[in-house]
Amino acid sequence: MKIINHGKYEILTTRVDAINKFMQLQGVCRGEISGQNAIEFYCQKNGKITITNPPTRRAENDNSTNLFAEILEEDGKTYVSYYTAFSKSSNVLKIILLVTYLLIAIFAVAVTIIGRGETYYLPILVLGLALFGTKLFAGAKEEKNFPKDSEILINELEKRVEAVNLWDK
């Protein structure tokens, strides 16, 4: 896991009150990260915060850039300490899918050669190469966009910190 950014925001309330307010702010965010993947804000009872994509059945849509934070009390003040990270290990399923698509393309080429150029193997070849190329391009794009994605996640946290700080106004 590669840490991209880190920092902290001061919260103008107690830790327990901040946790309760953050838990009320949980849900899907308006913003999206690269690939137009939705993001969701989670806060646990122990003060741990995560901003990541909502769970789906399609693991290939999982974000590799996530924000992790914790609500802390230091010197009588309350803070949210955060960091954003890019995880290549979350791409394991994406890599497996990429290899599968490559194997489909290789199989289609082999069958086309063995079948002496029979045209009914051509759609399999085109489909395998298209899927492989699409996933390869998407993976490269995601890794290139992680600094931008990190900023989007930090902005979402900052909006929620401002909401908690302005809660009673």
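Read along the sequence, the protein chain runs β-α-β-β-β-β-β-α-α-α. That makes four helices and six strands, where helices (H or I, at least four residues) and strands (E, at least two) are DSSP runs numbered from the N terminus. The model is predicted, so local features are given at pLDDT of at least 70 and side-chain atom pairs at pLDDT 80 or more, while totals for chains, interfaces and linings use all residues. Residues are numbered from 1 along each chain as its sequence is written, and side-chain values use heavy atoms, with hydrogens and water left out.

Confidence comes next. The mean pLDDT of the protein chain is 80, and 75% of its residues reach 70 or more; pLDDT is the predictor's confidence in each residue, from 0 to 100. Helix α1 has the highest confidence, at 95, and helix α3 (residues 122-144) the lowest, at a mean of 68. Where pLDDT is low, the predicted coordinates should not be read in detail.

Of the 169 residues of the protein chain, 38% count as buried. Buried means under 20% relative accessible area, exposed means over 50%, and partly exposed lies in between (1.4 Å probe, protein chains only). The accessible surface of the protein chain is about 10300 Å², and carbon and sulfur atoms hold 59% of that area; accessible areas come from the Shrake-Rupley method with a 1.4 Å probe, and for residues only the protein chains shown count as cover. Among contacts in the protein chain with a separation of 6 or more, 62% join residues 24 or more positions apart, a contact being heavy atoms within 4.5 Å.

The structure holds three aromatic pairs. Rings of Phe, Tyr and Trp (its six-membered ring) pair if their centres lie within 6.5 Å; planes under 30 degrees apart count as stacked, over 60 as edge-to-face and the rest as tilted. One of the pairs is F22 with F41, tilted, at 5.8 Å centre to centre and 35° between the planes. This pair links distant parts of the chain, as F22 lies in helix α1 (residues 15-24) and F41 in strand β3 (residues 37-43), 19 residues apart. F22 counts as buried because its relative accessibility is 0%, and F41 is buried with a relative accessible area of 0%.

F68 and Y83 form another tilted pair, 5.5 Å centre to centre with 35° between the planes. F68 lies in strand β5 (residues 65-74) and Y83 in strand β6 (residues 77-86), so the pair ties together parts 15 residues apart in sequence. F68 is partly exposed at 25% relative accessibility, and Y83 is partly exposed with a relative accessible area of 32%.
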